[in-house]
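User: I am new to this structure and would like to learn how its features are read. Please guide me through it step by step.

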Amino acid sequence: MGYNHWPNPGSKIKDNAVIHRADSRGKADHGWLASHHSFSFANYHNPERMHFGVLRVLNDDKVEAGRGFGTHPHDNMEIISIPLEGDLEHKDSMGNTAIIKSGDIQVMSAGTGIMHSEFNKNSDRWVKFLQIWVYPNKRNVTPRYDQMTLNQSKSQNTFQQILSPHADDEGVWIHQNAWFHLGNFENNVETNYQIRKKGNGVYVFILKGSAEIEGQHVETRDGFGVWDISDLNIKSTSGNTEILLMEVPMTM
């Protein structure tokens with residue numbers, strides 16, 4: 001299976017970069033669930049936004065108190081959940097029951113197939129989290145689950161690695177040559193990100209605040225994707241700017 005470089009003329013800003021503005025994302029409002037889709041998902045289908053390399057789904061979800069996603073199946077996908085506010089309860093067919101909250105990261109390798117559910121554990125507030133799907137580089141692996149609590153002091157004015165291809169490296173790991181980083185920056189902090197694997201691209205998602213990336217201004221919930229690079233220059237342009245940086249293969 002192969003993926004070409006991003007065919008997205010509607011949001012292309014140059015030959016090797018795209019910007020997806022927050023208000024251009026797909027939207028779903030089910031009452032108990034409000035979701036924004038950076039890429040095609042469920043009833044939102046945009047042929048120009050099917051994926052960014054092996055990054056298939058980036059959903060910005062908000063779930064009402066006591067509600068959630070009932071038991072449903074997945075297979076051959078690496079699934080990453082990053083809680084932003086509130087407590088999310090997870091149960092799966094591997095026997096795992098867990099609560100994840102802001103500061104945690106959760107990963108599942110669906111492999112040959114799993115069933116799982118996700119519910120808002122809180123009775124008095126919404127839970128907000130990112131749901132991310134990445135195509136794996138190995139099919140039909142044994143399903144696995146992992147989660148960890150991040151040391152958030154490591155992301156102050158720098159990028160902290162939260163995911164990699166290596167089980168013995170910092171953060172959780174997945175079956176893909178991908179590296180995820182989180183950073184929380186004060187105003188006017190400049191940083192340079194070095195590509196870990198030649199040929200990979202980077203999709204940057206602004207959680208809070210604003211930044212300048214390679215001369216382009218991006219704001220809260222904007223996405224910026226770039227490929228055919230060896231490094232990336234990022235400068236925060238507001239205080240308390242939170243950035244999720246996802247380096248992924250552009251082909252598989």
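User: Which residue stands opposite Met 108 of β10?

Analyst: Strands of a sheet pair through backbone hydrogen bonds, either parallel or antiparallel. In this structure, Ile 79 is the residue opposite Met 108 in β10. Strands are DSSP runs of E with at least two residues, numbered from the N terminus, and two strands pair if DSSP finds at least two bridges between them. This is a predicted model, in which local features need pLDDT of at least 70 and side-chain atom pairs count only at pLDDT 80 or more, while totals for chains, interfaces and linings use all residues. Residues are numbered from 1 along each chain as its sequence is written, and side-chain values use heavy atoms, with hydrogens and water left out.

User: In what sense do β7 and β10 pair, and over how many bridges?

Analyst: Strand β7 (residues 78–85) pairs with β10 in the antiparallel sense, over four bridges. Strand β10 also runs antiparallel to β13 (residues 144–149), to which six bridges join it. There, Asp 104 has Thr 149 of β13 as its bridge partner.

User: Are the residues on the faces of β10 buried or exposed?

Analyst: In a regular strand the side chains alternate between the two faces of the sheet. A residue is buried under 20% relative accessible area, exposed over 50% and partly exposed in between (1.4 Å probe, protein chains only). Strand β10 (residues 104–109) has six of its six residues buried. Asp 104, Gln 106 and Met 108 cover one side, and Ile 105, Val 107 and Ser 109 the other.

User: Where does Pro 83 lie, and what is it in contact with?

Analyst: Pro 83 lies in strand β7 and counts as buried because its relative accessibility is 4%. Contact means heavy atoms within 4.5 Å. Apart from neighbours within four places in sequence, Pro 83 is in contact with Ile 100, Lys 101, Ser 102, Gly 103, Asp 104, Lys 128 and Phe 129. The C-alpha atoms of Pro 83 and Val 127 are separated by 7.8 Å, although these residues are 44 places apart along the chain.

User: In what order do the eight strands of the open sheet stand?

Analyst: The order is β1-β2-β21-β18-β23-β16-β14-β15, with mixed pairing. The edges are β1 (12–14) and β15 (172–173); each has a single partner strand, so one side of each lacks a neighbour in the sheet. Within this sheet, β18 and β23 (residues 241–249) run antiparallel and are joined by eight bridges. Val 202 stands opposite Glu 247 in β23.

User: How many aromatic pairs does the structure hold?

Analyst: Rings of Phe, Tyr and Trp (its six-membered ring) pair if their centres lie within 6.5 Å; planes under 30 degrees apart count as stacked, over 60 as edge-to-face and the rest as tilted. The structure holds seven such pairs. The pair of Phe 52 and Tyr 203 is tilted because the ring planes stand at 55°, with the centres 5.5 Å apart. Phe 52 lies in the loop between β4 (33–37) and β5 (55–63) and Tyr 203 in strand β18 (residues 200–208), so the pair ties together parts 151 residues apart in sequence. Phe 52 and Trp 227 form another tilted pair, 5.9 Å centre to centre with 55° between the planes. Both Phe 52 and Trp 227 are buried. Ring pairs link Phe 39, Phe 52, Tyr 203 and Trp 227 into a cluster.

User: Which residues have the most contacts inside the largest nonpolar core?

Analyst: A nonpolar core is a set of buried Ala, Val, Leu, Ile, Met, Phe, Trp, Tyr and Cys residues joined through side-chain atoms within 4.5 Å. The largest one has 47 residues, and those with the most contacts inside it are Leu 55, Ile 80, Ile 132, Ile 162, Phe 180, Leu 244 and Met 246. Strand β12 (residues 127–134) gives the most to this core, with six residues. A second, separate core of 20 residues includes Tyr 193, Val 226, Leu 232 and Ile 243.

User: What is the phi of Ala 42?

Analyst: Most residues other than glycine have a negative phi, and most peptide bonds are trans. Ala 42 has a positive phi of about 55° although it is not a glycine. Ala 42 lies in the loop between β4 and β5 and counts as exposed because its relative accessibility is 69%.
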